[in-house]
Amino acid sequence: MTSVRHRSINPMTGWWRVALLVATLGLSLLTGCDNSDLNPLGYNKGYTPVQPISYSHKIHAGDLKMDCKYCHFGSEKSKKAGIPPVSVCMNCHKTVRTESPQIQLLADFYKKGEPVPWVRVHNLPDFVSFDHSRHVNKGVACQTCHGPIQEMAEVKQFASLSMGWCVNCHRDYTRNPPPDLKAKHIFATTDCTGCHQ
Ligand code: HEC
Ligand code: HEC
Ligand code: HEC
Ligand code: HEC
Ligand code: HEC
């Protein structure tokens with residue numbers, strides 16, 4: 001799906017990558033460089049890009065109460081929650097609001113067989129491995145990480161997606177899980193290799 005930005009193909013993976021990053025991080029601390037320049041990804045809290053079609057979660061997930069997984073059907077099964085193909089939208093919009101210019105734009109993509117060029121909001125660096133299913137199947141709600149999406153007319157990045165954000169939750173949920181997850185025997189890794197493979 002083109003909505004998922006292609007990551008650069010990098011032969012450096014695993015520990016070498018992390019070792020290099022540690023070295024770069026150390027070097028930039030020594031030289032007093034602002035390390036955030038090295039890795040602007042993952043620190044875009046509040047990021048709200050303009051989308052090619054004014055799709056609203058507030059209408060669909062809020063007012064119409066559609067289940068997140070109707071569209072993001074990868075979230076229980078795979079690493080990616082995924083962005084739905086136009087055909088999912090057309091299940092309704094072949095007949096719903098066809099007079100709307102926005103829906104006509106949507107229908108054009110459908111007729112041409114082209115995906116909508118949605119702009120990606122969340123984007124971790126490629127040396128971090130994140131898996132939706134591991135979280136969703138243990139009962140962590142989408143909103144814990146993405147905020148009140150069902151109230152958003154435009155998706156906004158809610159959390160920092162920093163390493164501290166991940167590690168703090170892993171530590172807290174393992175030591176003292178929220179009441180609704182107590183029975184799930186949570187053990188979330190804080191090992192470097194758990195998130196950097
Ligand atoms: C009718 C289909 C549909 C439903 C239902 C839906 N979404 Fe989405 N979602 C989309 C589309 C299309 C996009 C891409 C456009 C955008 O970002 O607004 C998207 C984008 C997102 C993003 C941002 C992805 C990125 O680029 O980083 C998140 C997070 C998200 N949805 C979470 C949710 C959650 C949580 C729910 C349930 C409360 C939900 N969605 C319900 C269709 C849907
Ligand atoms: C389950 C049916 C359903 C699905 C699936 C669905 N929609 Fe909708 N959508 C609606 C309804 C109903 C409305 C009108 C809500 C209203 O006017 O109160 C609407 C409204 C809209 C509007 C606003 C139209 C306007 O001009 O007022 C847009 C844009 C839109 N949808 C885009 C999408 C996209 C993109 C997808 C796929 C990611 C999608 N919809 C999937 C039912 C659906
Ligand atoms: C533990 C935190 C967490 C939970 C829970 C979570 N997400 Fe995400 N989500 C993320 C992160 C982090 C990313 C960025 C992943 C990346 O860049 O590789 C992301 C990315 C996304 C994207 C962009 C496309 C993709 O698959 O990468 C969508 C859509 C999305 N999430 C929807 C959902 C939905 C729907 C749920 C609930 C069923 C959910 N998320 C639960 C943290 C979470
Ligand atoms: C809101 C809390 C929360 C946040 C935030 C969070 N996680 Fe998790 N994570 C969990 C839970 C709970 C599990 C499931 C642990 C289990 O299976 O018992 C988990 C599991 C994982 C696993 C599977 C390995 C394991 O320990 O089972 C990886 C990898 C992972 N998370 C990476 C990340 C990354 C990377 C981020 C940040 C981008 C992140 N997580 C953010 C709560 C969180
Ligand atoms: C729970 C997941 C998780 C664990 C465990 C984890 N990291 Fe990370 N790490 C991330 C995420 C997400 C990022 C990207 C965001 C950022 O830079 O804060 C990252 C970024 C980094 C960076 C790049 C920093 C920068 O500013 O560019 C280094 C170096 C790093 N991690 C090393 C480690 C080491 C060493 C360990 C073990 C002590 C570790 N990580 C454990 C999730 C994790």
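Visitor: Before we start, which pLDDT do local features need here?
Guide: Residues are numbered from 1 along each chain as its sequence is written, chains are lettered from A and ligands numbered from 1 in the order in which they are written, and side-chain values use heavy atoms, with hydrogens and water left out. As this is a predicted model, side-chain atom pairs count only at pLDDT 80 or more, totals for chains, interfaces and linings use all residues, and local features need pLDDT of at least 70.

Visitor: Which residues coordinate the iron atom of ligand 3?
Guide: Donors are N, O and S atoms within 2.8 Å of the metal (3.2 Å for Na, K and Ca), and water is not among the atoms, so sites may look incomplete. At 2.0 to 2.1 Å, the iron atom of ligand 3 is coordinated through NE2 atoms, those of His 132 and His 146.

Visitor: How many residues apart in sequence are the parts tied together by that pair?
Guide: Helices here are DSSP runs (H or I, at least four residues), numbered from the N terminus. His 132 sits in helix H6 (residues 132-136) and His 146 in helix H7 (residues 142-146), so the parts they tie together are 14 residues apart.

Visitor: What is the arrangement at the iron atom of ligand 3?
Guide: Six donors count as octahedral if opposite donors are over 155 degrees apart and all others between 65 and 115. The six donor atoms here make angles of 87 to 179 degrees, and the site is octahedral.

Visitor: Which helix holds Met 163?
Guide: His 196 lies in the segment after helix H9 (192-195), so the pair ties together parts 33 residues apart in sequence. Met 163 itself lies in helix H8 (residues 163-175).

Visitor: Which helix gives the largest share of the shell around ligand 1?
Guide: The shell takes in residues with a heavy atom within 4 Å of the ligand, and 20 residues surround ligand 1. The largest share, three residues, comes from H7.

Visitor: How far is the polar backbone atom of Val 121 from an oxygen atom of ligand 1?
Guide: Polar contacts are pairs of N or O atoms within 3.5 Å. The side chain of His 57 has an N or O atom 2.9 Å from a nitrogen atom of ligand 1, and a polar side-chain atom of His 72 is 2.8 Å from a nitrogen atom of the ligand. For Val 121 and the oxygen atom, the distance is 2.7 Å.

Visitor: Which residue forms a salt bridge with Arg 97?
Guide: A salt bridge puts a side-chain nitrogen of Lys or Arg within 4 Å of a carboxyl oxygen of Asp or Glu, and the structure holds four. One of them joins Asp 63 and Lys 58 at 3.8 Å, N to O, and another joins Lys 69 and Glu 76 at 3.7 Å. With its closest N and O atoms 3.0 Å apart, the partner of Arg 97 is Glu 99.

Notes. Four donors count as tetrahedral if all angles lie between 85 and 135 degrees; four count as square planar and six as octahedral if opposite donors are over 155 degrees apart and all others between 65 and 115; anything else is irregular. Helices (H or I, at least four residues) and strands (E, at least two) are DSSP runs, numbered from the N terminus. A polar contact is a pair of N or O atoms within 3.5 Å; within protein, one must be able to donate a hydrogen and the other to accept it, and residues adjacent in sequence count only if both atoms are side-chain atoms.
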